[in-house]
Amino acid sequence: ESYVRLTLGLGVHDRSHVDAYYGPAEWREEAVAEERSLEDLKAAAVSLVGNLEGTDAAGAASGEAEELLLLRHQFLLAQARALVARLDMLTGDRGRFDEESRRLYDAVAPAHGPDHFEETLAKLDERLPGQGPLVSRFERFKIRYAIPDEALDTVFRRAIEACRERTLHHIELPDGESFEIEYVRGRPWAAYNFYKGNYHSVIQVNTSFPIFIDRAVDLACHEGYPGHHVYNVLLEQHLVRGKQWHEFAVYPLYSPQSLMSEGSAHLGIEMAFPGDERVAFERDGSGAVTGAVID
């Protein structure tokens, strides 16, 4: 509860920080009413980290329950440390990119030398037809596969339908889970999932940019099934409702949880469309559903 209230308190100052919240409404209302200073929030977050570091989670349970409790403790500690890091940044304590990444997401991006990118450019140069600079040829090639505005809703809904159908071959979802699609403009992203709780998501698609046929499957899987929508539905079902673990009812954008959410959404595409199934679906709107499970 302390962690959730601190996260909501930070959200008062940084509107992008709380990506989703479906816990007790009064906690959010109290955070807004209190409007604690960043310095006060930071001191409390540092204290929370200290309390968690001093907690012997291993001695609190045994057997299978012990493993789950250790994972819960590890998760909450990583989230609390990221909360301190975000507060440091908002109060002027900035670091280098890799250090910020480590503190916020508990991960650092891999480093690639120039040869890695030169090799990729060489492969594209060999495959793309036409004359002129590589970037121009690439854009001319891509635009052939842009979805016409009048067909976008039909294509996107068909893609989500296929992603959901394939996801249900691997994952059991609770009754009543649902989503709605909104088309927007002027956003900095191609699509976004806003999880509202009660197993419901609003998926927004940004029509300010061209959306290509391969991106329809990407976005449908990533934002919907088995991506962000499914991730949040399962958290709510099994941990928030099932175990009353309230820390999972808030999703701070700048945290290790965000890395797990984005990674699972990206890898879920291969689970829904293994092998050549994605190409077949993009080509003709169908394709067999396999029973293969991706570990």
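**The sheet and its helices**

Modeller: Happy to! Let me start with a pair of helices: α10 and α11 are oblique to each other, the term for angles left over once those under 35 degrees are called roughly parallel, those over 145 roughly antiparallel and those from 65 to 115 roughly perpendicular. Please keep in mind that this is a predicted model, in which local features need pLDDT of at least 70 and side-chain atom pairs count only at pLDDT 80 or more, while totals for chains, interfaces and linings use all residues. Residues are numbered from 1 along each chain as its sequence is written, and side-chain values use heavy atoms, with hydrogens and water left out.

The axes of α10 (residues 228–243) and α11 (residues 256–272) cross at roughly 125 degrees and come within 9 Å. Axes here are lines fitted to C-alpha atoms, for helices over the stretch in contact, with angles from 0 to 180 degrees between N-to-C directions. On the α10 side, His 228, Tyr 231 and Leu 235 make the contact; their counterparts in α11 include Gln 257, Met 260 and Ala 265. Contact means heavy atoms within 4.5 Å. Helices (H or I, at least four residues) and strands (E, at least two) are DSSP runs numbered from the N terminus.

α10 also takes us to the sheet, as this helix lies across β2, β3 and β4 and runs at about 20 degrees to β3. The sheet itself is open, with three strands in the order β2-β4-β3 and mixed pairing; two strands pair if DSSP finds at least two bridges between them. On average, neighbouring strands are turned by 20 degrees against each other, direction ignored.

Now a closer look at β3 and β4. Strand β3 covers residues 191–197, and five of its seven residues are buried, meaning under 20% relative accessible area, where over 50% is exposed and anything in between partly exposed (1.4 Å probe, protein chains only). Its antiparallel partner β4 (residues 200–206) is joined to β3 by six bridges. Along this pairing, Tyr 195 faces Ser 201, and Phe 194 stands opposite Val 202. In a regular strand, side chains alternate between the two faces of the sheet.

With a relative accessible area of 0%, Thr 167 counts as buried. Leaving aside residues up to four places away in sequence, Thr 167 touches Tyr 225, Pro 226 and Val 230.

To set this part in context, the protein has 12 helices and five strands, and 40% of its 295 residues count as buried. Its C-alpha atoms fill a box of roughly 60 × 45 × 40 Å along the principal axes. Among contacts between residues at least 6 apart in sequence, 64% join residues at least 24 apart.
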